[in-house]
Amino acid sequence: MLHTELTDRLGIVMPIIGAPMGGVAHGRLARAVTEGGGLGMIGVGSTATPELIDREAPVASDNGRLPFGIGLMAWALDNRPELLDATVVAHPMLVSISFGSSGPYVGALHAAGITVASQVQDATGAVTAADAGVDIVVAQGTDAGGHTGTVGTLPLLQLVLDAVDVPVVAAGGIATARGLAAALAAGAVGAWVGTCLLACPEANTKPEARAKVLAARETDTVLTRVFDVAQGIPWPERFAGRALRNRFTDAWLGRETELADDAGARRELVEARGAGAFDTAYIYAGQGVGLVRQSVSAAQVVRDLGEGAASFLAERFDALFGGELRPR
Ligand SMILES: Cc1cc2nc3c(=O)[nH]c(=O)nc-3n(C[C@H](O)[C@H](O)[C@H](O)COP(=O)(O)O)c2cc1C
């Protein structure tokens, strides 16, 4: 099968990490990804509590039987150290610290024997993360669902691979075996996937949201701060979120200052979330959403990605090198 520094380091069979998606990737999804041969992660959003970690970690690990990961946000941790404490106690194999400085947290995680990853959105961020002692740098392109930067996955991956010596994982827009094969061929040690798991039955998504994901095309996303502004979530301004375009984004994109003071619009969003009305409520998803066409188990998604990439790469190398594995 596919053998990389990532599969070696984490003891997994597929070079695939199930992205930590706040509110969506809880223990059930993480476990399904790991059962498929990858490593599943629990997403801990900025408003999550330590109890979420206490509750979901045993689900992800099937009571200590399976490895799993936890994804935290640096800017939120700075004011909420209790999330880091609960994470260490949960004993994940991998922890990601993204969206801010990972430096202050690497030492404590290493001391607990935990591998540390960090998602970065430009080459400078990659160098900073590697210098801080992060074990795995994740090049997260703007194609990605959820909060991200502005550089596309492919240019970012090339830049980050050239900039650091630590293993690099690619994130953003990888939703099929071809995408995984491309990332591995470029030099990444694996893929970090979120959007292609959104319609899985193990994801913590409502049926209405899954239906929207399955119907969406690659042109239906938008990079926006409107949902954070409307909820009063203090995300650093440089990280907007990629979500499905809807009535709310159409109404408020470019009018964020006005939105911050509009109590009616803020209330409308809260009500829509409660009612599962996704023409107003948000669904964070990346451009790869156009490739998500059916609701299958996360374990199956991981197997299809890994097995498909292995045979696709073998075929392509044969075609490119006329049956010889290496060029003469
Ligand atoms: C619904 C959703 C929620 C996300 N939440 C988080 C999060 O809480 N923490 C985090 O580090 N990344 C989060 N991300 C980003 C993912 O970790 C990852 O970068 C992204 O899903 C990869 O791109 P893809 O969606 O095209 O596969 C989220 C992504 C999505 C789609």
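Select threonine 280 first: at 4% relative accessibility this residue counts as buried, where buried means under 20% relative accessible area, exposed over 50% and partly exposed in between, with a 1.4 Å probe and protein chains only. Threonine 280 belongs to the loop between helix 14 (263-275) and helix 15; helices (H or I, at least four residues) and strands (E, at least two) are DSSP runs, numbered from the N terminus. Display its surroundings next. Leaving aside neighbours within four places in sequence, threonine 280 is in contact with Phe227, Asn246, Arg247, Phe248, Glu268, Leu269 and Ala272, contact meaning heavy atoms within 4.5 Å.

The model is a predicted one, in which local features need pLDDT of at least 70, side-chain atom pairs count only at pLDDT 80 or more, and totals for chains, interfaces and linings use all residues. Residues are numbered from 1 along each chain as its sequence is written, and side-chain values use heavy atoms, with hydrogens and water left out.

**The two domains**

Colour the chain by domain. The domain assignment gives domain 1 as 5-199 + 294-320 and domain 2 as 207-275; such bounds come from an automatic or database domain assignment. The C-alpha centres of domain 1 and domain 2 are 24 Å apart. To their contact, domain 1 gives 18 residues and domain 2 gives 14 residues.

Now select valine 213, which is found in helix 10 (residues 207-215). Is valine 213 buried or exposed? It is buried, with a relative accessible area of 2%. Not counting residues up to four places away in sequence, valine 213 touches Leu198, Ala199, Leu244, Ile283, Val289 and Val292.

Proceed to valine 222 in strand 10 (residues 221-224). Valine 222 also counts as buried, at 11% relative accessibility. Its contacts, leaving aside neighbours within four places in sequence, are Gly241, Arg242, Ala243, Arg245, Thr249 and Leu253.

**Helix 2 and helix 15**

Select helix 2 (residues 27-35) together with helix 15 (residues 298-321). Two packed helices are described by the angle between their axes and the distance between the axes. Here the angle is about 35 degrees and the axes are 7 Å apart; axes are lines fitted to C-alpha atoms, for helices over the stretch in contact, and angles run from 0 to 180 degrees between N-to-C directions. The crossing of helix 2 and helix 15 is right-handed: a crossing is left-handed if the near helix is turned anticlockwise from the far one by less than a right angle, and right-handed if clockwise.

Show the side chains at this contact: Leu29, Ala32, Val33 and Glu35 of helix 2, and Ala298, Ala299, Val302 and Arg303 of helix 15. These residues divide into six nonpolar, no polar and two charged. Ala, Val, Leu, Ile, Met, Phe, Trp, Tyr, Cys and Pro count as nonpolar, Asp, Glu, Lys and Arg as charged, and the others, Gly among them, as polar.

Within helix 2, Gly27, Leu29, Ala30, Ala32, Val33 and Thr34 are buried. The buried residues of helix 2 pack against strand 1 (16-18), strand 2 (39-43), helix 3 (50-60) and helix 15. After helix 2 comes glycine 37, with a positive phi near 115 degrees.

**Helix 7 and helix 8**

Turn to helix 7 (residues 123-131) and helix 8 (residues 153-163), whose axes come within 9 Å and cross at roughly 35 degrees. This crossing is right-handed. Ala123, Ala126 and Val127 in helix 7 meet Leu156, Leu159, Val160 and Ala163 in helix 8. By class, this contact has seven nonpolar, no polar and no charged residues.

Select threonine 87 in helix 5 (residues 82-90). Threonine 87 is buried, with a relative accessible area of 0%. Its side chain reaches the backbone oxygen of leucine 83 at 2.8 Å. Not counting residues up to four places away in sequence, threonine 87 touches Ile53, Ile70, Leu72, Pro92 and Val95.

Continue to histidine 91, in the loop between helix 5 and strand 4 (94-98). Histidine 91 has a positive phi of about 60 degrees although it is not a glycine, and it is exposed, with a relative accessible area of 54%.

End at phenylalanine 99, in the loop between strand 4 and helix 6 (103-111). Phenylalanine 99 is not a glycine, yet its phi is positive, at about 60 degrees. At 8% relative accessibility, phenylalanine 99 counts as buried.

Note on methods:
A polar contact is a pair of N or O atoms within 3.5 Å; within protein, one must be able to donate a hydrogen and the other to accept it, and residues adjacent in sequence count only if both atoms are side-chain atoms.
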